[in-house]
Amino acid sequence: MQDNGNPDSHNNRQPDTALPRFAVVGHPNKGKSSVVATLSQNDSIAIAMEPGTTRDSHRYPMKVDDVTLYELIDTPGFQRPRKVLAWLQGHSLSASDRPDTVAAFLTQHADDPRYHDECELLRPIVDGAGIIYVVDGSVPYNREHEAEMNILRWTGRPSLALINQIGSDDYSADWEAALGQYFQIVRRFDAVRAPFEKHLDLLRSFGQLAPAWREPLDAALEYLQALKFGRDSQALEHIADALIEMLGHQETARLGEHESASPLLPKLRQRWRDWQREREQRQRRAVEDLYQYRRLQRQESDLVTPDGGDLFGERTRQLWGISKTQLAAAGFGAGAVGGAGLDAVTLGHSLGTGALIGGLIGAAGSYYYSDKLTRLKLGPLSGGFREAVYGPLKDPQFAYVVLGRALVHWYEISQRNHACRDVLVVTEAGNHWLEQLERRDRNGLQKSLQSLASRRFDPSKRQRLIEQLELAQQAFAQWQMQQFQHRDDRVHD
Ligand SMILES: Nc1nc2c(ncn2[C@@H]2O[C@H](COP(=O)(O)OP(=O)(O)OP(=O)(O)O)[C@@H](O)[C@H]2O)c(=O)[nH]1
Ligand SMILES: [Mg+2]
C-alpha cells in the first residue's frame, strides 16, 4: 500500500531525472503547503494561518505500493525577492547564463541567514525540480510578485502557476493575465476543496511541461485511479464487517436463581451501546487509515451532527433511519405503510419475503431502540445461574442508522483533501439516499440487513452483502452529489 513516510531533506536525495519532481514555491502563506499536502496525500504537513509556517524545504513523495509516482517539495516563501533579483541582474552578462547565475547565487549565499528562505526554495529547482508557483486569487494582483516570478524565470525550469483561492473575493482574471506572461501553464486549483478529478487534471498538465515527465505522470494517473478504486472497495469490506458485528452483537451476564432480571437490563443495554459506539469508531479509523488520514482522529474525533452525532441520538435516527413517508416515497411497496396498526409497518408481505421485517418502522420515537424490541432473554437454569442476553437489536432502523453513518463518513473521507483541516460535518437531507437505489436492490439490501440481526451470520453471505453495499455506496455518492448540487443552486439563487 501507499507509504508517504516522513519527509527527508532534499540534500540526501539521489538525483533521478525521470522522476517528476515539483518545488511548490511562492509568497509566504499562500497555500504552498496545502498544495503539497493535497497532491502528496499527506495530512501530516504543517498548514497554518501564520506566514512563515514552513521554514525549510522538505520532499514529500507520492508512493503507491513502494513505487514513487512523483515528488512534491514544500518550501518556505520568498522573503527578499527584490534583493535577490538585483543580485542576479548584477552578476549576469547575458540571458544565456541566467540559470548558472541562480546557481552561483546559491553557492555564494549558502550560509547567509538573510537568504536562508530563498536558498531553501531555489535549491531544489536548480537541482532539477519543476516549478509550481502558488498565488492567492482572492487578493488583488500586485507587482510585488514580479521579482519572484522573474527569479523563477531565470532558473529556466519548466513552470506552472496555480491560482489558489483562500478567501471569497475573486481576482483570478487579473492574476491569470499576469501569470500567463511568466509561466507555461496557469491553472485555478483550490488546494483544500478541489475534487479528485481536478488533481488528475493537474497531473496531466504537469505532463505537458516536460516530455520526460509525460510517461511517468500518465502512469501516475493510472496508479492514482486504481488506488482510489481499491480504497473505495476496501472501505466496503470494513463497513460490511462492522455491520455484521454490530447488528449481531449480544451482551451477556449471569443471573442468580433468585435474582431479579430488571436491574440487569439497563446495565446490559449500556454495555451494549458502549460496545456499539466503540465498534463504530473502529470502523471509522479503519476507513481513515485506508485513505491515509493519520491526523484526523486527533483533530476530529467524530462526525458532527446537531445533537453531537451520537449513534443513539434522536437526531441521528431522523437523519439516517427511514420514516413511513420515506418508505412510501421510496416505493418499498404498496401496503408497506399502514394496515398493521397506527404506528406499525409490516414490510414482510410487500417485500415478498413472507417474514415480518418492519416491526415498528417509522414509529414514534418511544419505540425506537426500545425494550419493546430488545428484551432481556433468559437462558435455562444451570448450576444455580441463568444467562441473561441483550441483543441483537431487532429494530430495523438501527441497520439503516449504522449504514447511513458509515456511508456518510466514507464519503466525507473519500472526497476529502489532505490539506483540509476543517471538522467533518454531516449535512441534512430532504429525501433519503435509499431512493437512489433500484427497488430490487433496495429489497435485496433490506433482506441482507435483516438477516444480520436475526440469527448467527452465515459467513458465506458476506460477499453478497458486500455486493449490495457496493450498490448502496454508489447510490449514496450519487445522492450526495445531488445534495451539493441542490445547495449550490440555492446559494446562487
Ligand atoms: N479556504 C482555503 N484556505 C486555504 C487554501 N489554501 C490554503 N488555505 C489556508 O491558508 C493558510 C495558509 O496555508 P499554507 O498551506 O500553510 O500556506 P503556505 O504558503 O505553506 O504558508 P507558509 O509556509 O507560512 O509560507 C492556511 O490557514 C490554510 O488553511 C484553499 O485553497 N482554500
Ligand atoms: Mg507552508
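Helices (H or I, at least four residues) and strands (E, at least two) are DSSP runs, numbered from the N terminus. Asp218, for instance, has its place in helix H8 (residues 211–248).

## Basis of the report

This is a predicted model, in which local features need pLDDT of at least 70, side-chain atom pairs count only at pLDDT 80 or more, and totals for chains, interfaces and linings use all residues. Residues are numbered from 1 along each chain as its sequence is written, while chains are lettered from A and ligands numbered from 1 in the order in which they are written.

## Overall architecture

The protein chain has 16 helices and 9 strands. Of its 493 residues, 40% count as buried; a residue is buried if 20 or more other C-beta atoms lie within 10 Å of its own, exposed if 12 or fewer, and partly exposed in between, with C-beta atoms placed from the backbone. Two residues are in contact if their C-beta atoms, placed from the backbone, lie within 7 Å. Among contacts in the protein chain between residues at least 6 apart in sequence, 71% join residues at least 24 apart.

Asp218 in helix H8 counts as partly exposed because it has 13 C-beta neighbours inside 10 Å. Its C-alpha atom is separated by 8.1 Å from that of Leu203, 15 residues apart along the chain.

Strand E4 (residues 130–136) is largely enclosed by the rest of the structure, because 7 of its 7 residues are buried. Both faces are covered: Gly130, Ile132, Val134 and Asp136 are buried on one side, and Ile131, Tyr133 and Val135 on the other.

Two strands pair if DSSP finds at least two bridges between them. Strand E1 (residues 21–26) pairs with E4 in the parallel sense over 5 bridges, and Gly26 has Val134 of E4 as its bridge partner. Strand E5 (residues 159–164) also runs parallel to E4, joined by 6 bridges; here Ile132 is partnered by Leu160 of E5.

## Nonpolar cores

A nonpolar core is a set of buried Ala, Val, Leu, Ile, Met, Phe, Trp, Tyr and Cys residues joined through C-beta atoms within 7 Å. The largest has 58 residues, of which Ala23, Val24, Ile132, Tyr133 and Ala161 touch the most other members. Apart from this core lies another, of 39 residues, including Ile322, Leu393, Leu403 and Leu445.

Not counting residues up to four places away in sequence, Tyr133 touches Val25, Gly26, Leu152, Ser159, Ala161 and Phe183.

## The antiparallel sheet

An open sheet is formed by 3 strands in the order E7-E9-E8, with antiparallel pairing. Its edge strands, E7 (251–256) and E8 (376–378), each pair on one side only. From one strand to the next the twist averages 30 degrees; axes are lines fitted to C-alpha atoms, for helices over the stretch in contact, and angles run from 0 to 180 degrees between N-to-C directions.

E7 and strand E9 (residues 385–390) run antiparallel and are joined by 6 bridges, with Leu255 opposite Arg386 in E9. Helix H9 (residues 264–290) packs on the sheet and touches E7, E8 and E9; its direction makes about 160 degrees with that of E7.
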